[in-house]
Amino acid sequence: MGKILEKDIKNVLLTKEQIEKRVAEMGKQISEDYAGKDIIMVGILRGAAIFYADLAREISLPVHMNFMAISSYDLSSISSGAVRINYDLEEDITGKDVIIVEDIIDTGLTLKYLYENLEARGPKSLKTCCCLDKPSRRKVEFKPDYVGFEVPDEFIVGYGLDYAQKYRNLEYLGALKEEIYRC
């Protein structure tokens, strides 16, 4: 990875190897929990795309891949609290086993909204899977079913997570220098 993006990283929180190991463990757990079933994985674009792809390859069951795009941040570093669905599912989830795959849960506002929205569509089961959990920022009661890592209250980028659409392609997760997002 070029030094252009890396100069903005304060420190690496999780290495590529740590992420790969944990994603494999999560895929194995989901495969065991859903043994004998088909699942619909709903990836939340764009942040979860890399995690979603890696996780799907670690699941040893039939996986129906579907996506949604939602927004609550726009180009700022602070969630607006207002969630907007920009791209909805193309598949009916009524009576099906569904897992929402998200990059990070911090305030919980976005994931709680999304969970309630999909739950109203009548799935057989609905669970959530997040690469990262930042419970120190939670504004609503919400606990994901599958969590890769609990992380500190830092602005985290890499492995799909961005700031102003940059840094998603870093292969690790790092804390962004404060002067980058507080300008």
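Analyst: Happy to! Ile40 stands opposite Val98 in β5. This is a predicted model, where local features need pLDDT of at least 70, side-chain atom pairs count only at pLDDT 80 or more, and totals for chains, interfaces and linings use all residues. Residues are numbered from 1 along each chain as its sequence is written, and side-chain values use heavy atoms, leaving out hydrogens and water.

User: What makes β2 and β5 a pair?

Analyst: Two strands pair if DSSP finds at least two bridges between them. Strand β2 (residues 39–45) and strand β5 (residues 97–105) have four bridges, in the parallel sense, so they meet the definition. Strands themselves are DSSP runs of E with at least two residues, and helices are runs of H or I with at least four, numbered from the N terminus.

User: Why is Arg168 called buried?

Analyst: Buried means under 20% relative accessible area, exposed over 50%, and partly exposed in between (1.4 Å probe, protein chains only). Arg168 has 17% relative accessibility, so it counts as buried. Arg168 is found in the loop between β8 (156–157) and β9 (173–176).

User: How do you know that the buried residues of α2 share a side?

Analyst: In α2, Ile19, Val23, Met26, Gly27, Ile30 and Ser31 are buried. They cover an arc of only 135° around the axis, which puts them on the same side of α2. The arc is that of the directions from the helix axis to the C-beta atoms. On the other side of α2, Glu17, Lys21 and Lys28 are exposed.
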